[in-house]
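Please keep the 3D view open as you read.

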Amino acid sequence: MTQSKGLVLIVEDERHISDVQRLYLSRDGFGVHVEADGSAGLAAARRMHPVAIVLDIGLPGLDGIAFCRALRDAGDWTPVLLVTARGEEADRILGLELGADDYLTKPFSPRELVARVKTVLRRAAGPPGPPPPGSAGRLSVDPVSRTVRRDGEPVELTATEFNLLAHLLRHAGQVFTREQLLAQVWGYAGYRDTRMVDVFVSQVRAKLGDASPIRTVRGVGYSATAPGP
């Protein structure tokens, strides 16, 4: 038997969907546990400590938005991949703002699901390459512990938020389009929905306040200035 890549928790109330998700993730070497309602799923997340959570938004009991909020409020930053219906854009954006790491819109290929899970896990482990600046001015970034401090106080960032900030700081002064950031931070070459970049930039800015080094370059994308003394 090959060693498991870790346990993935699926929270999905449609049995035919969760069965396919379980099958493909298991084939790729993940352990899988399935819950069909949000309350049971949240309890399982707290009990089992999965490496990632595949979370449907439209759940009975506790919906995916409330699930994600409760998870993050408890300081649990397990990577979360939201699964949404086509008409749930507002919920999808809210889920990202609450700390979800990515999303898939139904219907989707189960192979894409596996690829997305593997991608959020790679992002949680951190990008390759030299570390971002260690400490300057009001902002301090520790690439080893993957922590950020503003004026000496810790700032809680999701794995994706940290990777986005680190990438921009690592290339301070360089301007990136949204498509470039999706490819280099998210790993999604050719991905069309660039709104996700704006949501994550907004989240990082909100958490860092006026210490944020991220700047909008109108008509192009985003850049970061190196924190000043």
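This is a predicted model: local features need pLDDT of at least 70, side-chain atom pairs count only at pLDDT 80 or more; totals for chains, interfaces and linings use all residues.

1. Residues are numbered from 1 along each chain as its sequence is written, and side-chain values use heavy atoms, with hydrogens and water left out.

2. The structure holds 12 salt bridges (a side-chain nitrogen of Lys or Arg within 4 Å of a carboxyl oxygen of Asp or Glu). One of them joins Lys106 and Glu14, at 3.1 Å from N to O. This pair links distant parts of the chain, 92 residues apart: Lys106 is in the loop between strand E5 (102-105) and helix H5 (110-125), and Glu14 in the loop between strand E1 (7-11) and helix H1 (15-27). Helices (H or I, at least four residues) and strands (E, at least two) are DSSP runs, numbered from the N terminus.

3. Lys106 is buried at 16% relative accessibility, whereas Glu14 is partly exposed at 32%. Here buried means under 20% relative accessible area, exposed over 50%, and partly exposed in between (1.4 Å probe, protein chains only). Both residues also belong to a salt-bridge network with Glu12 and Asp56.

4. Next, look at Lys118 and Asp28, whose closest N and O atoms are 3.5 Å apart in a salt bridge. Lys118 lies in helix H5 and Asp28 in the loop between H1 and strand E2 (31-35), so the pair ties together parts 90 residues apart in sequence.

5. Arg138 forms a salt bridge with Asp210, with 2.6 Å between the closest N and O atoms. Arg138 is partly exposed, at 36% relative accessibility, and Asp210 is exposed, with 67%.

6. Thr194 sits in the loop between helix H7 (178-186) and helix H8 (195-208). Thr194 is buried, with a relative accessible area of 19%.

7. Finally, the charged end of Arg27 sits over the ring of Tyr24, 5.2 Å from its centre (NZ of Lys or CZ of Arg within 6 Å of the ring centre and within 35 degrees of the ring normal).
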